[in-house]
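Open the model in your viewer and keep the selection panel at hand. The stops below go from one side-chain group to a single residue and then to the whole chain.

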Amino acid sequence: GAFPIPYLDIEMQVFTDALKQKGITFAGMEKVEMQKVGLARPQAFLAAIENQKNVDAIVSVVGLPMGPNQSPGDFRKYKPKFIVVAPYEPGVKRLLQEAIIQIAILPRFASPPTKDAQPAQTFDGGFELFTPQDAARLP
């Protein structure tokens, strides 16, 4: 069966409200069936991309899942830019380096705690943005 992503509805509402405040048009949302929490079924993901193939950007909160017969280059045929907001997966680095993903927003990697360390309470404190130009910083 399908697995829900905890708090996704709240996150998506905040995200779409922020886009609207910036004057960015939000064309719609495609929900995809999940294999397990955080991992979308590749066929469902591809169908969602096909449904949105004429938009300027696709924001994925489930990574960029690929089926066994797919390669990263298969995503080059689509017009939209891919922005991934998801937990870090090792394949993200390669997808950024090959410019399949244009932006990855990932949880900030833990650094050794300092005596003044505060819990992450803002986007900047909890997440980091990566582009193809700085993908080499990823493990």
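**Aromatic rings**

Select Phe-75 first: it counts as buried at 3% relative accessibility, where buried means under 20% relative accessible area, exposed over 50% and partly exposed in between, with a 1.4 Å probe and protein chains only. The model is predicted, so local features need pLDDT of at least 70 and side-chain atom pairs pLDDT 80 or more, while totals for chains, interfaces and linings use all residues. Residues are numbered from 1 along each chain as its sequence is written, and side-chain values use heavy atoms, without hydrogens and water.

The whole structure holds 2 aromatic pairs (ring centres of Phe, Tyr or the six-membered ring of Trp within 6.5 Å; planes under 30 degrees apart are stacked, over 60 edge-to-face, the rest tilted). Phe-75 and Phe-82 make an edge-to-face pair, 5.7 Å centre to centre with 85° between the planes. Now include Phe-45: Phe-45, Phe-75 and Phe-82 form one aromatic cluster.

**Thr-131**

Move to Thr-131, in the segment after strand 6 (127-130); strands are DSSP runs of E, at least two residues, and helices runs of H or I, at least four, numbered from the N terminus. Show Leu-96 and Gln-102: Thr-131 touches both, leaving aside residues up to four places away in sequence (contact: heavy atoms within 4.5 Å).

**Whole chain**

Colour by secondary structure to see 4 helices and 6 strands, in the order α-β-β-α-β-β-α-β-α-β. Of the 139 residues, 31% count as buried.
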